[in-house]
Amino acid sequence: MNFTSTQPKIVVVGSCSLDLVLYTDKIPGCNETVMASHCDNYFGGKGANQAVGTARLGASVYFIGCVGVDPLGQQIMRNLVEENVNVGFVSETDKDATGTAYVTSADGDAAIVVVPAANKYLTTQNVDDADRYINASEMVLLQLEIPMNVVEHTIKKAKSYGKMVGLYASPGRPLSNEVIENTDFIVAKSSELEIIFGEDQREKVLKKYFNKVFIRDETNSTVYFDGIEMKYFRNENESMVYKMGMGDAFTSGFAIALCHQNTIEECVKFGNEVSSKVSLGKGAQTALPRYSELFK
């Protein structure tokens, strides 16, 4: 694993929110009421998770997102600043509250409902406002909790400047051929392939997009096709306590390793290692590892 002395410059365009996690004995079924033992709140949102994840791994990070004009939005902004993420391009809207996610967690499984709220008001103009920072970056990272037209606009802009583009295609939404073609790597959940690519056969997807699509599942397993053979990597902790944010952690680690010009295999291994670390603590951002923890 190679880490150069150069600090990667990464722009993350995406969502930010607060995760409200209810701990229960079981996930309730339709028309069923269950009691929660307790509730915890964590900073989240796939965009913010990746911004914090890459910043902790040594990148210079600019985050483009949207919060509400409310105390929660200010808390999220302060947290990002404390994590050394530049929030100069995080906009505020009075049209809705800051985003939230409601999670019911039971025995390692989770049912999640995301309320995008302010995240829906992120615009292409917000991205254009950061034009010179995108042009000066090495990589742009995105997810799918923001309007699709913003995702498409950002990818088109980044590629016009010759930048690397990484996409965590979650929550699963259909991707256009143009998005797929102009993205350097795509991370996808194994359960959402048909939604994303219109094809549920894993090997067909991977062989069509070799060294570009990386499919993951909840055991921290990653599979991809290198043009010759299928590659499988798994790094599961027996003491795994929190699965939310593992995809964001993998994406962060993969992105950083790629910025440091490592091979695809090394990028996957490093992404898995970062994802494994985040599963040991509660909260999608809490246990994201720092560079100093991984390279002592």
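Guide: Helix α2 covers residues 71-82, and its 12 residues, at 1.5 Å a residue, should span 16 Å; its end C-alpha atoms lie 17 Å apart, which agrees. That expected span is 1.5 Å times one less than the number of residues. Helices (H or I, at least four residues) and strands (E, at least two) are DSSP runs numbered from the N terminus.

The model is a predicted one, in which local features need pLDDT of at least 70 and side-chain atom pairs count only at pLDDT 80 or more, while totals for chains, interfaces and linings use all residues. Residues are numbered from 1 along each chain as its sequence is written, and side-chain values use heavy atoms, with hydrogens and water left out.

Within α2, the buried residues are Leu 72, Gly 73, Ile 76, Met 77, Asn 79 and Leu 80. They fall within an arc of 160° when seen down the axis of α2, so they line one face of the helix. The arc is taken from the directions from the helix axis to the C-beta atoms. On the other side of α2, Pro 71 and Glu 82 are exposed. Here buried means under 20% relative accessible area, exposed over 50%, and partly exposed in between (1.4 Å probe, protein chains only).

The cover over the buried residues of α2 includes helix α1 (46-56) and the strands β2 (17-24), β3 (36-44), β4 (60-68), β5 (85-93) and β6 (99-106). Just after α2, Asn 84 takes a positive phi of about 65°.

Helix α1, part of that cover, holds Ala 51. Ala 51 counts as buried because its relative accessibility is 0%. Leaving aside residues up to four places away in sequence, Ala 51 touches Val 12, Val 61, Phe 63 and Val 85, contact being heavy atoms within 4.5 Å. The C-alpha atoms of Ala 51 and Leu 142 are separated by 10 Å, although these residues are 91 residues apart along the chain.

Setting aside residues up to four places away in sequence, Ser 221 touches Ile 215, Arg 216, Phe 233 and Arg 234.
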